[in-house]
Every structure is written in structure tokens, then in C-alpha cells.
Amino acid sequence: MKIAIGCDHAGFQLKEIIKAKLINEKFDVEDFGTFDEGSVDYPDYAFYVGKAITTNQCQRGILVCGTGIGIGIAANKIPGIRAALCHNVFSAQASREHNDANILTMGARIIDEKLALEIVEIWLKTEFAGGRHQSRIEKIRAIEDMMAVERAEELAEIYAEKGKTAKEKKIKTLTKSE
Ligand code: RB5
């Protein structure tokens, strides 16, 4: 299993600690940054890690920001991503068993290093329980598909008003920090 990791400036130190643990335990790790404590925007790193999962370059992801909230909200915008914010071992286990979470998010300003590493440990080794939970996951996917169709129609109208096709209009997704 290859693990994608990422963070913003607030999560940098904890991401480094998690990375060291994973490497020490012989996991295959891909680090998508950020690589220092300079101010960055968490959606960028959520996007890199999320895309690594949906393209199957990596099978699971771990994202850290100050609270774990923003980076998780951003990751969950990517169809196919089920990012779970976990600040205790029970949530980490349930997010795998019930929700088949493919990304774990944590807040470096909320939990200490010891608890974060325990959460990572249990989250990585817990399997999805399937069964009744499978159809619920499928419903999440159905919501994504429904909303994608609605959004595509909305965008098509917007572009048509501007006399542009979706392909001609470049949507800026990643920003540089000010
Ligand atoms: C950065 O200051 C902070 O807003 C970010 O790390 C995160 O907590 C956002 O949800």
C-alpha cells in the first residue's frame, strides 16, 4: 500500500513526524509537501494528495493542517475521496470500518504527536467492513455523480453566456499564497 501525505504550514511538523514513522515501518510513502513552515494554502495539498488517490498512484492519504478541517473539506470536493477528520482512535477505526475513508485528516493544533501516531496506526490497519456499509458508500458516489451532472449543466450555461466552451475557459484551481 502506497501512502500519500500532505500538509500546510501549520501541519508541517506533524506531517514530518508521521512520515518518519511510516518510513520506519517500511511503508511506501509519497510526500506531496508542503516542505517547510512558509505560509501556503491547504486546498493545494488536499488536491495533490486527493488526486494521487483517485488516480491510484497511492491507495491511502494522510493530510494535516492546523485543525484538519480545511484540508479535509477541500479533499472531499474530489469525487471518490472520503476524507475523515479523526482526533481519537474510535473515529479513526470507524472511519475505516464504516466509511472506507481513503484519507485521514488531523489538526496539528488540536492533538499531540503521540495521539496522532496512534490514530495513524489504527487507521492504516483497519479494514473496511463492507456489508451494509457498502451500499451507503455507493450512495455517496451517487450524490457525487448527481451533483457533477448538475454542476456541468450550470457551467455549460455560464460558459454559453460568455460565448465560451468549457474547454476554452481555464478554471484556476490552484493558487499561490500571498
Ligand atoms: C492556517 O492558519 C489554518 O487556517 C489551516 O491550517 C487550517 O486549520 C484550516 O482549516
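**Exercise 1. Determine the order of the strands in the open sheet and identify those that stand at its edges.**

Solution. In this predicted model, the five strands of the open sheet follow the order β2-β1-β3-β5-β4, and their pairing is parallel. The edge positions belong to β2 (28–31) and β4 (83–85); each has a single partner strand, so one side of each is left without a neighbour in the sheet. From one strand to the next, the twist averages 20°.

**Exercise 2. Describe how β3 is joined to β1 and to β5, and state which way its residues point.**

Solution. Step one concerns the pairing with β1. Strand β1 (residues 2–7) and strand β3 (residues 60–65) run parallel and are joined by five bridges. Within this pair, A4 stands opposite G61 of β3.

Step two concerns the pairing with β5. Here too the strands run parallel, and five bridges join β3 to β5. C65 has G107 of β5 opposite to it.

Step three concerns the side chains. In a regular strand, side chains alternate between the two faces of the sheet. In β3, R60, I62 and V64 point one way, while G61, L63 and C65 point the other way. Six of the six residues of β3 are buried, and the strand is mostly covered.

**Exercise 3. Identify the elements that supply the largest nonpolar core, and the one that gives the most to it.**

Solution. The largest nonpolar core has 40 residues. Those with the most contacts inside it are Y45, A46, V49, L63, A75, I103 and L104. At least two residues of this core come from each of β1, α1, α2 (42–54), β3, α3 (69–75), β4, β5 (103–107) and α5 (113–125). With eight residues, α2 gives the most. The surroundings of A46 may then be listed: leaving out residues up to four places away in sequence, A46 touches L63, I71, A74 and A75.

**Exercise 4. Is I81 buried or exposed, and which residues is it in contact with beyond its neighbours in sequence?**

Solution. I81 belongs to the loop between α3 and β4. A residue is buried if 20 or more other C-beta atoms lie within 10 Å of its own. I81 has 21 C-beta neighbours inside 10 Å and therefore counts as buried. Apart from neighbours within four places in sequence, I81 is in contact with G50, I53, T54, A75, N76, N102 and I103. As for I103, it lies 22 residues from I81 along the chain, and the two C-alpha atoms are separated by 7.1 Å.

**Exercise 5. Classify the relative orientation of α4 and α5, and list the residues through which they meet.**

Solution. Helix α4 (residues 89–97) packs against α5 at an angle of about 20°, with the axes 8 Å apart. Angles under 35 degrees count as roughly parallel, and α4 and α5 are therefore roughly parallel to each other. The crossing of these two helices, α4 and α5, is right-handed. On the α4 side, V89, A92, Q93, S95 and R96 meet E118, I119, I122 and W123 of α5.

Definitions and conventions
Residues are numbered from 1 along each chain as its sequence is written. This is a predicted model: local features need pLDDT of at least 70, side-chain atom pairs count only at pLDDT 80 or more; totals for chains, interfaces and linings use all residues. Two strands pair if DSSP finds at least two bridges between them. Helices (H or I, at least four residues) and strands (E, at least two) are DSSP runs, numbered from the N terminus. Axes are lines fitted to C-alpha atoms, for helices over the stretch in contact, and angles run from 0 to 180 degrees between N-to-C directions. A nonpolar core is a set of buried Ala, Val, Leu, Ile, Met, Phe, Trp, Tyr and Cys residues joined through C-beta atoms within 7 Å. A residue is buried if 20 or more other C-beta atoms lie within 10 Å of its own, exposed if 12 or fewer, and partly exposed in between; C-beta atoms are placed from the backbone. Two residues are in contact if their C-beta atoms, placed from the backbone, lie within 7 Å. Angles under 35 degrees count as roughly parallel, over 145 as roughly antiparallel, 65 to 115 as roughly perpendicular and the rest as oblique. A crossing is left-handed if the near helix is turned anticlockwise from the far one by less than a right angle, and right-handed if clockwise.
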